[in-house]
Amino acid sequence: MADAFCSDCKRHTEVVFDHSAGDTVCSECGLVLESHSIDETSEWRTFANESGDNDPVRVGGPTNPLLADGGLSTVIAKPNGASGEFLSSSLGRWQNRGSNPDRGLILAFKTIATMSDRLGLVATIKDRANEIYKKVEDQKSSRGRNQDALLAACLYIACRQEDKPRTVKEICSVANGATKKEIGRAKEYIVKQLGLETGQSVEMGTIHAGDFMRRFCSNLGMNNQAVKAAQEAVQKSEEFDIRRSPISIAAAVIYIITQLSDDKKPLRDISVATGVAEGTIRNSYKDLYPHVSKIIPNWYAKEEDLKNLISP
Amino acid sequence: MADTDQVMEPSIDNPFISSPALHPRPTLQNVVSTVNFGCTLDLKAIVRHARNTEYNPKRFAAAMMRIREPKTTALIFSSGKIVCTGAKTEKQSLTAARKYARIIQKLGFDITFNDFKIQNIVASCDVGCPLSLVRMSTFHGEFLVYEPELFPGLIYRMKKPKVAILVFPSGKIVIAGAQKTDEIFEAFKNIYPVLMSFRKTK
C-alpha cells in the first residue's frame, strides 16, 4: 500500500502492489500504473548441506557496494567431465590474467569472514569490519603493515562499535599469527586513520566487565541464578578501588560465584573460558576478597557461605 | 544546602583549588635534548680514547657516553649530532651537553655548539587519591584513549600545551612531551581539577 499519482484520477491515490502479476494498481479506478515489475528477492533458497553441480541460482551473490564493480563475477567454467588441466590451458589463462583490482580486498573480506565465523559473529559485525577495512585500505599508507593484525583489528573495532566487544585474546585466537601487541598497535593505527579521514568520529565505548559476563558464564555452563548474581557482582565491583583489567575482574568474580555455588569450577576451566591466566585470577581474587561481602548479592549467598570462601 | 560542617571538598568551583600552594607539584624526571657539533666524528677514535663510552656498530650506529655529573647519557652519531638524555632539569641538560662537547673537543675534534634544543621533558606527579578512569573515559572528548586490556593507564593528549598525560588508577600521573618546564606546570594546572572530579571515594 503506497501513494502514487494516478493519471486517470488526476490525484494522489492509494496504490496496491500485486506481487503475483507484478502490477502497481490504483485502488480507486483500477488503472494499472506500472506492470512487469522485476522481483529482486532471491529466486531459490540455499541450504547449507546442498552443494554439488545442481545449483539453480542464476544471478550470483548480492551486490557488494564496497567492491569496485559491485562484485560482478563472470568466470569461465570448467565443462562437465573435463579434467582439471583444461582450466590451466588457454581459456583458463585468459580468465586469470585480467588483473582484478579488488583481488586484495576480496581476499581480505574472505579472511574477515573466516575469522568472524570462527567466533560466531553476526553478519552485521562482519559487514562493519569489511567497511572499516575498506576505509583503511583507501589510504594507501597501510601497505607495509601486518595484514593479519590489521584484519583482526578491523574485526575487533567492529565488535566494539556494535556494543558486543570481544577481548583481544579472543580475537587473537582466531587471527592466524597476530599477537596481542600487534593487534593493539594496528587498532590504534586504524582509529587514527579513521579519525583523520572522517574528522574524529570514531565512537568506541570503553569495555566493562559486564559486557563479557554473559558469554563467559555460558561458556562455563553456569546456571541462570549464578549468571545473574555474577552480573550484579561485577556492577557493584566497579565502585571499589581494584586496579585490574576488567577481564581479570570478571574472571575473579566468576571464580567466587562458582565457589559459592554447588558446582565449583576449577581455576583451569575459568582460565580457558576467559583467556585470563590462572595466576592473574588468583591475584585478582586476592584483590577482591576484602570487598566480597559488599559485591556478592545477598539473595545469592549468605554470610556463612562467604566465610567458607578460601582466604587467599 | 548549608555545608558549613563539612570539610571543603576540592571541586572545580572551589576557589582554593587554584591556589598552587595546595595542590601537589610535578617533579621532572627526564630531559632529552639534541645538539649539533657541526663536524663529522670518528666514533672508533672516540671510543678508544674516552672513558665510559660504548660503541657497537652492529647493534646501533651511535656511541653511548656517560658522565657522572650531571648523571646523563649521550648518544653520539658520526654526523656530529648528539642526543643527551637523563638530565633532571633543562639547565642540567645544557650543562651536560656542554660537558660532552668539551670531552669531544679535547679528543681533537673541531666542535661548535649549534642548535641546542630541548626535545622532551617528562615529569611525574601524584594527585594523592585513586581515580576512576572508567568514568573519566565516558566524559570523553577526542583527547582520551583508555584501553584497560592494552595498557592500565589512560592517555590524555592535551592540545595546548601539546603534551601527553598518562593517568593511572592509583592517582599517579606522568606528563610527557613538553618542550619547556612551564608547559609541564601549565598542563598540570589544567588537568588537576579534572582529575580531582573523578576521584574514587571509598
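Me: How far is the sulfur of A:C159 from the closest cysteine sulfur?
Reply: It is 11 Å away, and the partner is in A:C154. That is too far for a bond. A disulfide is a pair of cysteine sulfur atoms within 2.5 Å.

Me: What kind of model is this?
Reply: It is a predicted model, where local features need pLDDT of at least 70, side-chain atom pairs count only at pLDDT 80 or more, and totals for chains, interfaces and linings use all residues. Residues are numbered from 1 along each chain as its sequence is written, chains are lettered from A and ligands numbered from 1 in the order in which they are written, and side-chain values use heavy atoms, with hydrogens and water left out.

Me: How many disulfides over all chains?
Reply: The count is zero. A:C6 is in no disulfide either, with the nearest cysteine sulfur, that of A:C29, 3.6 Å away.

Me: And A:C6, buried or exposed?
Reply: Buried, at 0% relative accessibility. Buried means under 20% relative accessible area, exposed over 50%, and partly exposed in between (1.4 Å probe, protein chains only). A:C159 is also at 0%, so it counts as buried.

Me: How many helices and strands in chain A?
Reply: There are 13 helices and four strands. These are DSSP runs numbered from the N terminus: helices are H or I with at least four residues, strands are E with at least two. Chain A has 312 residues, and 37% of them count as buried.

Me: Which residues of α2(A) meet α3(A)?
Reply: Among them are A:L105, A:F109 and A:I112. On the α3(A) side, the residues include A:A129 and A:Y133. Contact means heavy atoms within 4.5 Å.

Me: New topic. Where is B:L144?
Reply: B:L144 sits in strand β7 (residues 144-145) of chain B. Its relative accessible area is 8%, so B:L144 is buried.

Me: What is B:L144 in contact with, leaving aside neighbours within four places in sequence?
Reply: B:M136, B:S137, B:L154, B:I155 and B:Y156. As for B:A164, its C-alpha is 9.9 Å from that of B:L144, and the two are 20 residues apart in sequence.
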